Amino acid sequence: MVGRGSPRGALGYIEPMTDRPVSEPDVSAEHPLSASWVWAGAHRPPVPRALVEAMREGWSPEGPTAGVHPAAGACARRRQRLGELLAGTTLVVPTGPLKVRANDTDYRFRPGTDFSYLTGCDEPDAVLVLAPGAGRAHATLFVPERRDQRSHEFFTDSRYGELWVGPRRGTREAAAHYAIATAPLEELAKHLAGLEGTAIALVRGLDPSVDALVAPSEVDARLVATLSEMRLVKDAFEREQLEAAIAATVSGFADVVRALPEALRHGERVVEGVFNLRARVAGHDVGYDTIAAAGAHASILHWTRNDGAVRPGDLLLLDAGVEGDHLYTADVTRTLPVSGTFSPAQRRIYEIVLAAQEAGIAAIRPGVPFAAAHDAATAVLVDGLVDLGLLSNADEALRRDAQLYRRYTLHGTSHMLGLDVHDCANARQDLYRGDLAEGYVLTVEPGLYFQANDLTVPEEYRGIGVRIEDDIWVGPDGAVNLSAALPRAAHDVEAWMRAQWDQGPTPLRLGE
Ligand SMILES: [Mn+2]
């Protein structure tokens, strides 16, 4: 693989040739340079050194965009606080490497969440080291040096060379942009070796090459828990980012409704494609794989194949979120009648789920347990299941050692939301599930799911799945629904869908 692991190796800076003997290629991964040839990876022919040198000359200066990252101040405060919470220990937080999609192609890079929270940096392979100091932690961002014209990899490394992947931020550019001290990643191993015998904690599992440099420590688990717990309360910058991601998501849902005529012809793929187009245009990407589940697929909770048909009488369950440029993601679900009108059976189920969600949202305020929304929503769902004749007795179904209602509700009602769609997952459970505090953001997303082949369900309800999900900020006086711009009540949903179609046909034309 071309350049695999190259950021950790010696930099490929080369001195100009003095003579030019003609020779057969005599280079290898271990000896990448010879008088006449430069190694370009196991699956590419060596490149003549004369060409590599010529490729380094004759360019006007180009670099990544300048300016200071908008979260630089917030990141510095977070690093300071983390240093105070885990005083006396060197803290190592990697972002993770590029991930292979197939052979020599990678997925689009998405920085590690904790690393991003502490630095804002989006360079792959980078590592934050927070050293304890007298009263003040000292942060160093280890970042790969640039593979620009100074390095033969500019041209010979298709994974990192800037001719291939565009300008990146090395030590100098990263220091200015992220307002942090930087050092070459190539020096990380030596730096960490020099700390042997002192207390070091590492966020493990993100970067195997960093995991190998630091011995496991009891403090590792405390470090990841502390980071998740710090992220529970969102600051003003984070709230803005979430609101922007949610606004883009609302637009994406409207895009999908306008494209439903094409979805009738080409299926769920259109729903996913249209939403994801909005995510790419308005933000970084989707925050998680879009669930575009028409008809009975709605009852398959993680339906991300999205390759089924969309039929006129179906419900479409769309669970999707735009991840913004600073990686905060929305997480919204609506269940929409493809034809624009709920059938009586669909409406009956929908009304139960909506009432459950409203009860859940109403239960949220600072000081109540995390489970309050779930408990309130579940009570409504169970009453609904009794009314539908699916459960004979609510108290019996709710018994802690039975929980039979879960055949139809399947999942919990809430999770934290932020940089990760299931945010703060490493917080200690007693804190995560403890009392809500002002500034938390969580989802409320009850659902009812009747599998198409569930013989316990009256036939008219089989194949119906409904979930309604909104993103809730815990304000001082209670819940603030950040995704309220997207209608929820059945008649509001129908009116909103009509309004989208009244704007004219979708410009999408996918042919037959
Ligand atoms: Mn969710």
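The structure is a predicted model, in which local features need pLDDT of at least 70 and side-chain atom pairs count only at pLDDT 80 or more, while totals for chains, interfaces and linings use all residues. Residues are numbered from 1 along each chain as its sequence is written.

Let us begin with the whole chain. The C-alpha atoms fill a box of roughly 90 × 60 × 40 Å, taken along the principal axes. The protein has 18 helices and 19 strands, where helices (H or I, at least four residues) and strands (E, at least two) are DSSP runs numbered from the N terminus. Of the 512 residues, 44% are buried; a residue is buried if 20 or more other C-beta atoms, placed from the backbone, lie within 10 Å of its own, exposed if 12 or fewer do, and partly exposed in between. Two residues are in contact if their C-beta atoms, placed from the backbone, lie within 7 Å. Among contacts with a separation of 6 or more, 68% join residues 24 or more positions apart.

The domain assignment gives domain 1 (72-143 + 170-230) and domain 2 (236-502), with bounds that come from an automatic or database domain assignment. The C-alpha centres of domain 1 and domain 2 lie 35 Å apart. Their contact takes 10 residues from domain 1 and 11 residues from domain 2. On the side of domain 1 that touches domain 2, helix H3 (113-119) and helix H9 (219-230) are the elements that give two or more residues, and H9 supplies the largest share, 4 residues. By class, this side of domain 1 has 5 nonpolar, 3 polar and 2 charged residues, with Ala, Val, Leu, Ile, Met, Phe, Trp, Tyr, Cys and Pro counted as nonpolar, Asp, Glu, Lys and Arg as charged, and the others, Gly among them, as polar.

Helix H9 deserves a further look. The end C-alpha atoms of H9 are 16 Å apart, which agrees with the 16 Å that its 12 residues should span at 1.5 Å a residue; the expected span is 1.5 Å times one less than the number of residues. Asp220, Leu223, Val224, Thr226, Leu227 and Ser228 of H9 are buried, and their cover includes helix H2 (72-85), strand S3 (90-94), H3 and strand S9 (200-202).

In helix H6 (residues 171-178), the buried residues are Ala174, His177 and Tyr178. Seen down the axis of H6, these buried residues fall within an arc of 80°, so they line one face of the helix; the arc is that of the directions from the helix axis to the C-beta atoms. H2, H3, strand S7 (138-143) and strand S8 (181-184) are among the elements that cover them. After H6 comes Ala179, whose phi is positive, near 50°.

Turning to the strands, S11 (residues 291-294) has Ile291 and Ala293 pointing one way and Ala292 and Ala294 the other way, and all are buried. S11 pairs with strand S12 (residues 315-320) in the antiparallel sense over 4 bridges; strands pair if DSSP finds at least two bridges between them. Ala292 has 30 other C-beta atoms within 10 Å and stands opposite Leu318 in S12. Although 26 residues apart in sequence, Ala292 and Leu318 are 4.9 Å apart in space, C-alpha to C-alpha. Beyond neighbours within four places in sequence, Ala292 is in contact with Glu268, Val271, Glu272, Asn306 and Leu318.

Strand S15 (residues 441-444) pairs with strand S18 (residues 470-475) in the antiparallel sense over 4 bridges. Val444 has Asp470 as its bridge partner in S18.
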